[in-house]
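Keep the sequence and the 3D view open as you read.

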Amino acid sequence: LWTIHPDCAIISEHLRAREICSQTRRSEAQNQTEHSGCKTEWDDIGCWLRAEIGQVVNVSCSEVFQHFSSNQGFVYRNCTADGWSEMYPPYEEACAFSDDSEPESETSYLSTFRQVYTVGYATSLISLITAIVVFTAFRKFRCTRNYIHINLFSSFVLRASAVFIKDTVLFADETLDHCSVSTTACKSAVAFFQFSILANYFWLLVEGMYLQTLLALTFVSQRKYFWWYILIGWGLPSTVLILWVLTRFFFDNKGCWDDTDKVGIWWIIKGPITASLLVNIVIFINVIRILVQKLKSSAMAGNNDTGHFMRLAKSTLFLIPLFGMHYTVFAFLPENTGVAARLYIELGLGSFQGFVVALLYCFMNGEVQTELRRWLWKCHNQNHLTPAKQSITQITIRARGGLGRPPSSGNISSV
């Protein structure tokens, strides 16, 4: 779950490293009254840990500039009786990293991600809105299963919209230091973004619960559970968001609320999401188990092992985006773990999830394709028939279905 913007995340990493270095230094000061050697020191770029006199300490370039420099060089310092020596070689020489190249490297790195997730969310937004229109326009698709799909699609629409709103509010003016700005507008944008994320995860959970109930309770009507699904999908995210907003307002009202520095407050959001993923993992495994049993029975009857495994693989691939299983890769790890990979998966792949779900569960659905073909055929005939032929066609249809009675003029209308 990547909520903080990439460039602010990198700054946040830098600040977190400085804070850890400061905490280490304070801990050393409290635990040692007499200290020989060199104390832990922050040089505004990297942290030099405590060393004894005569010891040589190094800092890796890959740790300091992990996003902007692939150089594996080191910067060294000696611990002397007079304290730390000067760094040799300097950062810009050892790491092939100068002040002139930093803005260009950073801009290129972050611009790529922004373009990827902008295209992804735009594609998802268009396909999801189209899918919602299809499910609501045709009476045949009005059932509990599709109502749940519509709500899931709506949560993806909110998520994509929230990303665009947040980027517009926080990052429209490049001259501002958007990592430290604090306005009601940007806080509202981040709060709406968090709500959309929560709603999206809980509707993924509802999809899992519905499928589980459908498989386990075959003869039970699903309509009576629908309002419970609504309560879980929209009610629980609203409750969690209100609690988070109040906590941030009274205890951590700084910036635009898009940081994760206070772990306890952040877990108000991350905790329910992690719990929903855990439940969905259990449901996913159980659904696959039920599918295996059913397909084994059909395979034994038809003696077609290859078809059995192909159907199982297809079913599994269909369920992965519906259950949000790809989010489990980083769900249980600290926020600063695997930052680069997290960006690729959560911003890159995650932005296309709405498109994949709309494609699999609407546009590739056999019933939807049949209904759309019937509608297109009807529109095609209406456009090509003249008014006289339309009247004749209508009269012929009514005569065949009306036991030979001639229709009155009031009943004649275009097809």
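Q: Over the face of which residue does Lys166 lie?
A: This is a predicted model, so distances here are computed from its atoms. A charge counts as sitting over a ring if NZ of Lys is within 6 Å of the ring centre and within 35 degrees of the ring normal. Lys166 lies at 4.8 Å from the ring centre, and the ring belongs to Phe193.

Q: Which residue's charged end sits over the ring of Trp48?
A: Here the charge lies 5.3 Å from the centre of the Trp48 ring. For Arg, the cut-off is CZ within 6 Å of the ring centre. The residue over Trp48 is Arg77.

Q: On which face of strand 4 does Arg77 lie, covered or uncovered?
A: Strand 4 spans residues 74–80. Its uncovered face holds Phe74, Tyr76, Asn78 and Thr80. Arg77 goes with Val75 and Cys79, on the face that is covered.

Q: What is the order of the strands in the open sheet of three strands?
A: Take the pairs one by one. Strand 3 and strand 4 pair over five bridges, in the antiparallel sense. Strand 4 and strand 5 are also antiparallel, over two bridges. The order is 3-4-5.

Q: Why is one side of strand 3 and of strand 5 left without a neighbour in the sheet?
A: Strands of a sheet pair through backbone hydrogen bonds. Strand 3 (56–60) and strand 5 (83–84) each have a single partner strand. One side of each therefore has no neighbour, because both strands stand at the edges.

Q: Which residue stands opposite Phe74 in strand 4?
A: Strand 4 pairs with strand 3 in the antiparallel sense. Phe74 is on the uncovered face of strand 4. The residue opposite Phe74 is Ser60.

Q: Through how many residues does a hairpin join strand 4 to strand 5?
A: These strands pair in the antiparallel sense. Thr80 stands opposite Gly83 in strand 5. The hairpin joins the strands through two residues.

Q: Is Gly83 buried or exposed?
A: Gly83 lies in strand 5. Leaving aside neighbours within four places in sequence, Gly83 is in contact with Cys38 and Asn78. Buried means under 20% relative accessible area. Gly83 has 17%, so Gly83 is buried.

Q: How many aromatic pairs does a search of the whole structure find?
A: Ring pairs link Phe135, Phe138, Phe141 and Phe153 into a cluster. Within it, the Phe138 and Phe141 rings have their planes at 70°, so that pair is edge-to-face. Phe138 and Phe141 are both buried. The search of the whole structure finds 15 aromatic pairs.

Q: What kind of pair do the rings of Trp244 and Trp257 form?
A: The ring centres are 5.8 Å apart. Planes over 60 degrees apart count as edge-to-face. Here the planes are at 85°, so the pair is edge-to-face.

Q: How many residues apart in sequence are the parts that the pair of Trp244 and Trp257 ties together?
A: Trp244 is buried, with a relative accessible area of 1%. Trp257 counts as buried too, at 6%. Trp244 lies in helix 7, and Trp257 in the loop between helix 7 and helix 8 (263–302). The parts tied together are 13 residues apart.

Q: What is the phi of Trp257?
A: Most residues other than glycine have a negative phi. Trp257 is not a glycine, yet its phi is positive. The value is about 65°.

Q: In which helix is confidence lowest?
A: The mean pLDDT of the protein is 76, and 70% of its residues reach 70 or more. Confidence is highest in helix 7 (residues 226–251), at 93. It is lowest, at a mean of 51, in helix 13 (residues 387–401).

Technical notes. Residues are numbered from 1 along each chain as its sequence is written. This is a predicted model: local features need pLDDT of at least 70, side-chain atom pairs count only at pLDDT 80 or more; totals for chains, interfaces and linings use all residues. Side-chain values use heavy atoms; hydrogens and water are left out. Two strands pair if DSSP finds at least two bridges between them. Helices (H or I, at least four residues) and strands (E, at least two) are DSSP runs, numbered from the N terminus. pLDDT is the predictor's confidence in each residue, from 0 to 100. Buried means under 20% relative accessible area, exposed over 50%, partly exposed in between (1.4 Å probe, protein chains only). Contact means heavy atoms within 4.5 Å. Rings of Phe, Tyr and Trp (its six-membered ring) pair if their centres lie within 6.5 Å; planes under 30 degrees apart count as stacked, over 60 as edge-to-face and the rest as tilted.
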